[in-house]
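Good morning, colleagues. Please keep the model in view while I go through a pocket, the aromatic rings and the nonpolar cores.

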Amino acid sequence: MFFKSKKVIGLDIGTSSIKMAELNVSGSSVELVSFVFSQTPPQSVSGGELLDTAALSTVIEGMASELKSKSKLVAMSMWGTSVIVKKITIPKMEKKVLKDQIKFEAEQYLPFDLNNIRLVYQILKNSDSPDTMDVILVAAQNELVNQYTRLVSSAGLTCSILDVSGFALANLFELNYGKSSNEVIALFNFGASTTNLSIVHSGEVIFARDIPVGGQTYTNEIHKSMGITIQEAEALKMSASKRGEVPDEVHSIINATNDLVTEEIKSSLDFFIASNNGTKISKCFYTGGSAATNGLISNISKNAGLSLDPINPFKKIKINTSKFSSDYIEKISPFSAIVLGLALRKVGDHD
């Protein structure tokens with residue numbers, strides 16, 4: 001999104017895990033070359049901000065070495081409250097005029113000082129009126145952009161593309177499921193601390209938001225309610241997800257937290273509908289490690305009145321079975337959508 005170059009390695013830095021992937025893209029053929037997965041150092045990432053770049057750099061350098069790629073160019077994504085994606089509607093104007101006007105327009109909509117941000121924009125093809133145009137603004141605080149670029153430099157790599165997680169998710173979805181004309185599709189990636197929501201219409205992202213709920217929300221609730229350590233709470237949550245024996249109280253806490261998470265999801269969807277003239281969502285798809293939480297998907301489906309289908313991130317990606325076992329692909333699938341969406345990036349992308 002912010003920096004561009006040729007073939008890149010995807011790098012997705014999450015709160016609980018870091019993923020790196022390399023793909024071979026030749027025309028419409030895409031093949032997985034390599035994939036590396038590692039735990040994120042404790043307390044090194046929070047809300048999309050990098051708190052311990054030294055620890056992260058060491059892990060990423062080790063992962064790059066394991067990946068054995070000739071490329072040192074990386075596509076990575078930012079997420080959290082320091083990144084804003086906003087659709088605005090403005091009077092129709094020529095692209096050249098818009099380029100000069102965009103900062104003035106953005107200033108009215110963004111809660112950041114425009115001198116301290118990196119701003120990019122994309123004109124959407126569909127507009128409700130012939131006299132107006134819809135534009136997607138993407139703004140990130142300079143401090144965050146610098147954090148990310150310095151981190152990969154310190155790991156011996158170069159930040160070639162800096163994207164947004166919601167756009168990477170949409171990119172991966174489009175590869176596997178195509179552009180659906182006239183349908184409005186909601187995509188969810190349920191992560192450890194954040195759920196990325198991306199809403200796509202005719203192949204264009206028209207709404208993206210990072211909702212501050214995820215797997216850690218459940219762990220924290222179990223930890224607080226039962227007065228046990230975070231590690232013990234995490235173990236009970238994981239055991240419940242795998243249908244293991246856990247105290248009844250754990251199931252009660254998970255069910256209550258499902259309601260809380262569903263409310264957050266529903267309120268983001270309601271906000272989208274209200275700010276897009278009542279636009280109805282046709283289909284929903286989901287991925288992410290926290291989607292396996294007991295009862296979460298059925299709870300959202302029931303309370304938001306939507307059916308949710310799982311995303312198969314490798315649906316159209318060729319797998320060399322002598323290199324990657326089906327068990328390994330199944331294991332990494334829930335965590336791989338964003339990093340694969342990043343690894344698909346190339347020069348000239350305009351998402």
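Strand β7 supplies the largest share of the lining of the second largest pocket, seven residues. Here a pocket is an open set of points on a 1 Å grid over the protein atoms alone, where a 1.4 Å probe fits, with protein on both sides within 12 Å along at least five of seven lines; lining residues have an atom within 4 Å of a point. This is a predicted model: local features need pLDDT of at least 70 and side-chain atom pairs pLDDT 80 or more, while totals for chains, interfaces and linings use all residues. Residues are numbered from 1 along each chain as its sequence is written, and side-chain values use heavy atoms, leaving out hydrogens and water.

The volume of the second largest pocket is about 890 Å³, taken as the space filled by probe spheres set on grid points that are joined across faces, edges and corners. Its lining has 36 residues, of which Val85, Lys86, Phe207, Ala208 and Phe271 are the closest to the centre. At least two lining residues come from each of β7 (83–91), β9 (132–141) and β13 (204–211); strands are DSSP runs of E with at least two residues, helices runs of H or I with at least four, numbered from the N terminus.

Over the face of Phe271 lies Arg209, at 4.6 Å from the ring centre. The criterion is NZ of Lys or CZ of Arg within 6 Å of the ring centre and within 35 degrees of the ring normal.

I turn to the aromatic pairs. Rings of Phe, Tyr and Trp (its six-membered ring) pair if their centres lie within 6.5 Å; planes under 30 degrees apart are stacked, over 60 edge-to-face, and the rest tilted. The count comes to eight aromatic pairs. Tyr177 and Phe285 form a tilted one, 5.4 Å centre to centre with 45° between the planes. Tyr177 belongs to helix α4 (residues 165–177) and Phe285 to strand β14 (residues 283–287), 108 residues apart. Together with Phe173, they form one aromatic cluster.

Finally, the nonpolar cores: sets of buried Ala, Val, Leu, Ile, Met, Phe, Trp, Tyr and Cys residues joined through side-chain atoms within 4.5 Å, where buried means under 20% relative accessible area with a 1.4 Å probe, protein chains only. The largest has 100 residues, and Ile13, Phe188 and Ile199 have the most contacts inside it. Helix α7 (residues 248–274) gives the most to this core, seven residues. Apart from it lies another core of 14 residues, including Ile90 and Phe112.

Methods
Buried < 20%, exposed > 50% of the residue type's maximum accessible area, 1.4 Å probe, protein only.
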